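Subject: Structure handover

Hello,

Here is the structure for you to take over. My notes on what was found follow below it.

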Amino acid sequence: MNHSNTAHDIAVVGAGAAGTLTALRLLHNAAAGRPAPARIWLIDPEPAGRGLAFGTDAPHHLLNVPAGKMSAHRDDPGHFVRWLGDRGGEHDFVPRGLFGRYLTESLEAASSHSNAPDLVRVPDRVVGIDHRAQPAAAPLSLRLRGGQTLDVDAAVLALGNFAPGLAWAPPELRTSVMFLADPWTPGALTTVPKDRDVLLVGTGLTMVDMALSLQRPGRVVHALSRHGLVPQPHATTPVLTPAAPRLDARPGLAGLRRAVLRQIAHCRRVHGDWRAGVDSLRPVTSALWQQLPPADQARLLAQDLRLWETHRHRIPPVSARALSTAVDAGLLSIGRGTVADARITADTPGDVVEVRLDNGRRLRVGAVLNCTGSEADLTRIDDTLVTDLLDTGLGTPAPVGGGFDTTACGRLRPAGGRAQAPLWTLGSLRRGNLLETTAIPEIRCQADDLAMLLLDRSAVGTRGEAAPAR
């Protein structure tokens, strides 16, 4: 596909929440005349706005953030609540599928604006990217799985969350049909035997969704992780978020730990809830992370992150009550442990997985679900595009924490000796540089910042040139 030099061609690779928000803000800002005409290419075989997180239609898979904080537009924080009100919806923790529909409809509305640029949907996958510096050519050529190429001036990699890692799983388990390596794969739960217990490895947000989906009389859902920590619930009434504290992480991790605990304790005394303290740290978390030396960053990930995440990324009160009810009824068991070994044995009416835990305990289950969360180490991810970017040096892994190494505005840092390509990313692929970068409130700000930058030809560079990131 070759295109004229008159349009400023911007590709968004991936149409999940991050990609849809990016395309939406590109359309919105371009329609407002800020600052140049553009043509937006949204590339993904799946419908826009759904993706992994919001593709579910299960009514008990709820947003983990109140609707009032989920607007697609940071300059219009009440947009999602108004959308819900127009449809008679509630304004609390609504089903995630409903938010996916909201993103889809918001994108359609933005693309239909009289001043909006062209939005071209490409139902394909990008499997590789070539960067060239020829004066008369677009700097990027995207190679599609279907065999075509697309030449563009800039691209945003909105690849979302990858499948969970498998390093913990014994070889015999990995090759078994009774192992759900990615429980979010469409139709995966239909393979779980209805008359057998189930093991969920991981006790985070995915576990919550899977446990509520799989609980039933006569079955015990076992959930375990190294720490056995479960996401904390949101408060049942709104909690005031205090101003962000002035903290400095440069003295090291030990001092930062003490400062964070003091801030949370102070907010608990003043505001009556620890959540106020945790939420007050949200605006400064990434800056504090960046102040830590790599060795301290690695220690934080190993020793502190899980406890932080269970308090930072909370679940709706109704979900917490449902988990508690299931535990009390003996339908759900949550604890600490890791899988030491697993083997498949014949039984009636079908095979079972015999799992041995590190504490010697044994479980006999009909399925094992990998709920350990998205793999962040790019070198372990089975994705053709990611592998291509690493092999060609257009992208490099972040030194610590996963994702790509990026500049302050999300532009990919190339391997040594390679020219920097007009490639940007956002969301979970910036985890190593930002730490906190997976929630919609953060992603929508990244999307809007990228939209403003990419619509400025001087920031992206003229054809054949890639201007330095600002």
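First, a term: buried means under 20% relative accessible area, exposed over 50%, and partly exposed in between, with a 1.4 Å probe and protein chains only. By that cut-off His 222 is buried, because its relative accessible area is 11%.

Ground rules next. This is a predicted model, in which local features need pLDDT of at least 70 and side-chain atom pairs count only at pLDDT 80 or more, while totals for chains, interfaces and linings use all residues. Residues are numbered from 1 along each chain as its sequence is written, and side-chain values use heavy atoms, with hydrogens and water left out.

Confidence

pLDDT is the predictor's confidence in each residue, from 0 to 100. The chain has a mean pLDDT of 92. Of its residues, 94% reach 70 or more. Residues 462-470 stay under 50. For that stretch the model has 36 contacts beyond four places in sequence, a contact being heavy atoms within 4.5 Å. Where pLDDT is low, the predicted coordinates should not be read in detail.

Helices (H or I, at least four residues) and strands (E, at least two) are DSSP runs, numbered from the N terminus. Two strands pair if DSSP finds at least two bridges between them.

His 222 sits in strand β10 (residues 221-225). Beyond its neighbours within four places in sequence, His 222 is in contact with Asp 197, Val 198, Leu 199, Leu 200, Ser 333, Arg 361, Leu 363 and Val 365. Strand β10 is joined to β11 by five bridges, and the two run parallel. Val 221 has Leu 332 as its bridge partner in β11. β10 also pairs with β9, in the parallel sense, over four bridges. There Val 201 stands opposite Leu 224 of β10.

Which residues cover the two faces of β9 (residues 198-201)? Val 198 and Leu 200 are on one side, Leu 199 and Val 201 on the other, and all are buried.

Around β2

Strand β2 (residues 39-43) is mostly covered, with five of its five residues buried. Arg 39, Trp 41 and Ile 43 point one way. Ile 40 and Leu 42 point the other way. β2 pairs with β1 (residues 9-13) in the parallel sense over five bridges. In that pairing Ala 11 stands opposite Trp 41. Five bridges also join β2 to β3 (residues 118-122), again running parallel. Leu 42 has Arg 121 as its bridge partner in β3.

The second largest pocket

Its volume is about 540 Å³. On a 1 Å grid over the protein atoms alone, a pocket is an open set of points with protein on both sides within 12 Å along at least five of seven lines, whereas a cavity is a set where a 1.4 Å probe fits but cannot get out; lining residues have an atom within 4 Å of a point. Grid points are joined across faces, edges and corners, and the volume is the space filled by probe spheres set on the points.

The lining has 21 residues, and the closest to the centre are Val 260, Ile 264, Leu 281, Asp 304 and Trp 308. α7 (253-271), α8 (274-280), α9 (285-291), α10 (294-303) and α11 (305-312) each supply at least two lining residues. α7 gives the most, with six. By class, the lining has 16 nonpolar, three polar and two charged residues. Here Ala, Val, Leu, Ile, Met, Phe, Trp, Tyr, Cys and Pro count as nonpolar, Asp, Glu, Lys and Arg as charged, and the others, Gly among them, as polar.

Single residues

- Arg 96 lies in helix α4 (residues 96-111). Arg 96 counts as buried because its relative accessible area is 7%. Not counting residues up to four places away in sequence, Arg 96 touches Ala 53, Phe 54, Thr 56, His 61, Leu 62, Leu 63, Trp 184 and Asp 209.
- Ala 154 is in strand β7 (residues 154-157). Its relative accessible area is 0%, so Ala 154 is buried.
- Leu 435 is in the loop between α14 (431-434) and α15 (440-454). Leu 435 is buried, at 12% relative accessible area. Phi of Leu 435 is near 65 degrees, a positive value in a residue other than glycine. Most residues other than glycine have a negative phi.

Best wishes
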